[in-house]
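Welcome, and thanks for taking a look at this structure with me. Let's walk through it as a set of questions and answers.

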Amino acid sequence: MNYDQIMKLDIVNYDDLDTVVTDILTTAQTQLEEAIEKYNECNDEGGEVDTVDLNGKFDELNDYLEDYHNE
């Protein structure tokens with residue numbers, strides 16, 4: 001199940017939502033890490049973006065559905 005598929009459904013269950021949100025966040029985290037790494041390696045400004053807490057930010061987002069799901 002991906003984002004396009006879930007958006008076409010008339011009925012969505014929690015497991016489908018969880019799968020799609022996890023996939024979106026995993027992709028976003030990977031792309032963000034890669035973009036920051038590219039910047040850190042290739043910028044001519046002498047700057048660097050620290051990613052020390054980046055995983056923690058995504059952990060919070062990954063926990064969001066479970067934390068706020070009302071059954």
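**A side chain in the loop**

The side chain of N43 comes within 2.9 Å of the backbone nitrogen of E45. This is a predicted model, in which local features need pLDDT of at least 70, side-chain atom pairs count only at pLDDT 80 or more, and totals for chains, interfaces and linings use all residues. Residues are numbered from 1 along each chain as its sequence is written, and side-chain values use heavy atoms, with hydrogens and water left out.

Q: Which residue has a backbone oxygen that the side chain of N43 reaches at 2.8 Å?
A: N43 sits in the loop between α2 and α3; helices here are DSSP runs of H or I with at least four residues, numbered from the N terminus. A polar contact is a pair of N or O atoms within 3.5 Å; within protein, one must be able to donate a hydrogen and the other to accept it, and residues adjacent in sequence count only if both atoms are side-chain atoms. At 2.8 Å, the backbone oxygen reached by the N43 side chain belongs to Y39.

Q: Why does Y39 count as partly exposed?
A: Y39 is placed in helix α2. Buried means under 20% relative accessible area, exposed over 50%, and partly exposed in between (1.4 Å probe, protein chains only). Y39 is partly exposed because its relative accessible area is 30%.

Q: How far apart in space are Y39 and V49, C-alpha to C-alpha?
A: Along the sequence, Y39 and V49 are 10 residues apart. In space, their C-alpha atoms are separated by 7.9 Å.

Q: Which helix gives the most to the negative patch?
A: The surface patch of negative charge gathers D15, D18, D59, E60, D63, E66 and D67. With five residues, the helix that gives the most is α3.

Q: Is D67 buried or exposed?
A: D67 is found in helix α3 and belongs to the negative patch. Because its relative accessibility is 55%, D67 counts as exposed.

Q: What is the distance between the C-alpha atoms of N62 and D10?
A: N62 is in helix α3. N62 and D10 are 52 residues apart along the chain. Their C-alpha atoms are separated by 24 Å.

Definitions and conventions: Patches are made of residues with over 30% relative accessible area and no salt bridge: like charges are joined within 9 Å, nonpolar side chains (Val, Leu, Ile, Met, Phe, Trp, Tyr) within 5 Å. Accessible areas come from the Shrake-Rupley method with a 1.4 Å probe; for residues, only the protein chains shown count as cover. A salt bridge is a side-chain nitrogen of Lys or Arg within 4 Å of a carboxyl oxygen of Asp or Glu. Lys and Arg count as positive and Asp and Glu as negative; His and the chain ends are not counted. The place of a charge is taken as NZ of Lys, CZ of Arg, CG of Asp or CD of Glu. Helices (H or I, at least four residues) and strands (E, at least two) are DSSP runs, numbered from the N terminus.
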